[in-house]
Amino acid sequence: MTEEHLKSTRTETDSFGPIEVRADAYWGAQTERSIENFPFGPREQMPLEIVHALGFIKQAAARVNARIGGLDPQLAEAIQQAAAEVARGDLDSQFPLVIWQTGSGTQSNMNANEVIAGRANEKLAGTRGGKEPVHPNDHVNKGQSSNDSFPTALHVSAARAINARLLPALKTMHDRLVDLAGRWDKIVKIGRTHLQDATPLTLGQEFSGYAQQLADNIERVEGVLPRIYRLAQGGTAVGTGLNAPKGFAEAFAKEMANLTRLPFTSARTSSPSSPPMTRWLSFRAF
């Protein structure tokens, strides 16, 4: 490695040892190793909707951890501010990873943890990246696991996209078709079946059928939302909630609902006495 290149990088470390990271990057060693291990093009990058959802997740978790006394208020505030930047899309350039990674999304979860820690450390200590005073795992990922954070990100990103983009587009199209059906109700045309002329109908009648198809599909989309609003967060590694404080899942869901203005809840269990295994399994069934 040349002396000029060394000046443009900094050294980060993980359990495998040291690795050079771009000096202007907020991410750390685990993100850099994923870049090296999966050198695919930008067309296969992780969708930014999931990245933004991870920002909301880390922000909500920091709020809960600070409130219950599990995280220093100063560190929690810096994490919240950095996570909010991720959620807004201000740090999109800091998420270079592709979709090719472990099934639980570990690298993307760590990409978010490292970027948020790196940005928080810049705010608190003036040093970009690193693990002091904010640690990617011990602080940003506190009470969480890739196994519940990534499926939660999928649900959050899907819910936000459905409410902000899909349903408004479907309703606009439906309203337009209803309008056309009314305006064209007196235009008579020949209906066709099997590529042959059949019996007359109006163009309005034909378009009313299209409008009803969209209305039915809007109902189907709205019908699945209550299950998408159920979040796996709090189940941690295998759904039992190990290493997450009692009540974390429910408190997290409330914070996520406040941040996104969507009615997120914690995934339900099969019975009051059973562990929250369904918080993890519900993602696998989705």
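Is Leu-154 buried, partly exposed or exposed? With a relative accessible area of 25%, Leu-154 is partly exposed, where buried means under 20% relative accessible area, exposed over 50% and partly exposed in between (1.4 Å probe, protein chains only). The structure is a predicted model, in which local features need pLDDT of at least 70 and side-chain atom pairs count only at pLDDT 80 or more, while totals for chains, interfaces and linings use all residues. Residues are numbered from 1 along each chain as its sequence is written, and side-chain values use heavy atoms, with hydrogens and water left out.

**View 1. Leu-154 and Thr-236.** Leu-154 belongs to helix α7; helices (H or I, at least four residues) and strands (E, at least two) are DSSP runs, numbered from the N terminus. Between the C-alpha atoms of Leu-154 and Thr-236 the separation is 15 Å, with the two residues 82 apart along the chain. Thr-236 is located in the loop between β5 (230–231) and α9. Although not a glycine, Thr-236 has a positive phi of about 55 degrees. Its relative accessibility is 4%, so Thr-236 counts as buried.

**View 2. Asn-243 in the loop between β5 and α9.** The loop between β5 and α9 also holds Asn-243. This residue is not a glycine, yet Asn-243 has a positive phi of about 75 degrees. Asn-243 counts as exposed because its relative accessibility is 68%.

**View 3. The largest nonpolar core.** A nonpolar core is a set of buried Ala, Val, Leu, Ile, Met, Phe, Trp, Tyr and Cys residues joined through side-chain atoms within 4.5 Å. The largest such core has 63 residues, and Phe-252, Met-256 and Phe-264 touch the most other members. Two or more residues of this core come from each of β2 (17–22), α3 (48–67), α4 (73–88), α5 (106–125), α7 (146–183), α8 (203–228) and α9 (248–260). In soluble globular proteins, nonpolar side chains tend to be buried together. When neighbours within four places in sequence are left aside, Phe-252 is in contact (heavy atoms within 4.5 Å) with Ile-57, Ala-60, Ala-61, Val-64, Thr-152, Leu-231 and Gln-233.

**View 4. Packing of α3 against α9.** Two packed helices are described by the angle between their axes and the distance between the axes. Axes are lines fitted to C-alpha atoms, for helices over the stretch in contact, and angles run from 0 to 180 degrees between N-to-C directions. For α3 and α9 the angle is about 125 degrees and the axes are 9 Å apart. This makes α3 oblique to α9; angles under 35 degrees count as roughly parallel, over 145 as roughly antiparallel, 65 to 115 as roughly perpendicular and the rest as oblique. The crossing of α3 and α9 is right-handed, a crossing being left-handed if the near helix is turned anticlockwise from the far one by less than a right angle, and right-handed if clockwise. Residues that make the contact include Phe-56, Ile-57 and Arg-63 of α3 and Phe-248, Phe-252 and Met-256 of α9. The contact of α3 with α9 comprises ten nonpolar, three polar and three charged residues, where Ala, Val, Leu, Ile, Met, Phe, Trp, Tyr, Cys and Pro count as nonpolar, Asp, Glu, Lys and Arg as charged, and the others, Gly among them, as polar.

**View 5. Packing of α7 against α8.** The axes of α7 and α8 cross at roughly 160 degrees and come within 9 Å. The two helices α7 and α8 are therefore roughly antiparallel to each other. Their contact consists of 20 nonpolar, five polar and three charged residues. The crossing in which α7 passes α8 is left-handed.

**View 6. Packing of α2 against α5.** Helix α2 (residues 29–37) packs with α5 at an angle of about 135 degrees, the axes lying 8 Å apart. This angle makes α2 oblique to α5. A left-handed crossing takes α2 past α5. From α2, Ala-29, Gln-30, Thr-31 and Ser-34 meet Gln-107, Met-110, Asn-111 and Glu-114 of α5. By class, two residues of this contact are nonpolar, five polar and one charged.

**View 7. Ser-146 and its contacts.** Ser-146 is part of helix α7 and counts as buried, at 10% relative accessibility. Not counting residues up to four places away in sequence, Ser-146 touches Ser-104, Gly-105, Thr-106, Asn-109 and Pro-151.

**View 8. The cis peptide bond at Pro-133.** The peptide bond from Glu-132 to Pro-133 is cis, with omega near 0 degrees. Pro-133 sits in the loop between α5 and α6 (136–140).
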